[in-house]
Amino acid sequence: IVIEAFQMTKERRWDNSEWPDWLHQAWNLPKGKPGSVYVDRTDPSLDALRIVTLEGDHHITWGDWIIQGVKGELYPCKPDIFEATYEPAE
């Protein structure tokens with residue numbers, strides 16, 4: 001199965017020029033809608049992000065991968081799990 005993924009860093013949080021189209025679309029969804037990515041307002045620096053998945057709301061930690069599944073669903077994945085589970089596609 002081929003998926004798309006993007007590794008979120010603090011730098012990429014503020015410079016979204018490398019974000020894939022699907023992540024820009026997620027950013028523009030209404031907060032709370034599954035697949036939306038938004039600023040975690042509980043973080044006073046406004047650095048932190050959250051993602052709404054079908055299983056609930058998840059914090060995105062710097063270095064986490066945001067994965068777009070085969071049906072367009074989005075979810076975060078820790079770097080060690082990502083490395084153990086996925087390999088680059090050609």
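Q: Buried means under 20% relative accessible area, exposed means over 50%, and partly exposed lies in between (1.4 Å probe, protein chains only); why does threonine 53 count as buried?
A: Threonine 53 has 6% relative accessibility, and since 6% is under the limit of 20%, threonine 53 counts as buried. The model is predicted, so local features need pLDDT of at least 70 and side-chain atom pairs count only at pLDDT 80 or more, while totals for chains, interfaces and linings use all residues. Residues are numbered from 1 along each chain as its sequence is written, and side-chain values use heavy atoms, with hydrogens and water left out.

Q: What makes residues 49-53, where threonine 53 lies, a strand?
A: Helices (H or I, at least four residues) and strands (E, at least two) are DSSP runs, numbered from the N terminus, and residues 49-53 form strand E3.

Q: Which residues are in contact with threonine 53, leaving aside its neighbours within four places in sequence?
A: Contact means heavy atoms within 4.5 Å, and with those neighbours left aside threonine 53 is in contact with His58, Leu74, Tyr75 and Pro76.

Q: Why is serine 36 called buried?
A: The relative accessible area of serine 36 is 0%, which is under 20%, and therefore serine 36 is buried. Serine 36 sits in the loop between H2 and E2, where, not counting residues up to four places away in sequence, it touches Ala26, Leu29, Pro30, Lys31, Arg50, Ile51 and Val52.

Q: How do you know that the side chain of serine 36 makes a polar contact with the backbone oxygen of lysine 33?
A: A polar contact is a pair of N or O atoms within 3.5 Å; within protein, one must be able to donate a hydrogen and the other to accept it, and residues adjacent in sequence count only if both atoms are side-chain atoms. The side chain of serine 36 reaches the backbone oxygen of lysine 33 at 2.8 Å, and it also reaches the backbone nitrogen of glycine 32 at 3.4 Å, so both distances fall within 3.5 Å.

Q: Why is arginine 12 called partly exposed?
A: Arginine 12, found in helix H1 (residues 10-14), has a relative accessible area of 24%, and because this value lies between 20% and 50%, arginine 12 is partly exposed. The side chain of arginine 12 makes a polar contact with the side chain of glutamate 18 at 2.7 Å.

Q: Why does tryptophan 62 count as partly exposed?
A: Tryptophan 62 has 32% relative accessibility, which lies between 20% and 50%, and therefore tryptophan 62 counts as partly exposed. Tryptophan 62 lies in the loop between strand E4 (56-60) and strand E5 (65-68). Tryptophan 62 and methionine 8 are 54 residues apart in sequence and 5.8 Å apart in space, C-alpha to C-alpha.

Q: What makes a set of residues a nonpolar core, and how many residues has the largest one?
A: A nonpolar core is a set of buried Ala, Val, Leu, Ile, Met, Phe, Trp, Tyr and Cys residues joined through side-chain atoms within 4.5 Å. The largest such core has 13 residues, and those with the most contacts inside it are Met8, Leu23, Val37, Ile60 and Ile66. Helix H2 (21-27), strand E2 (37-39) and E3 each supply at least two residues of this core, and the largest share, three residues, comes from H2.
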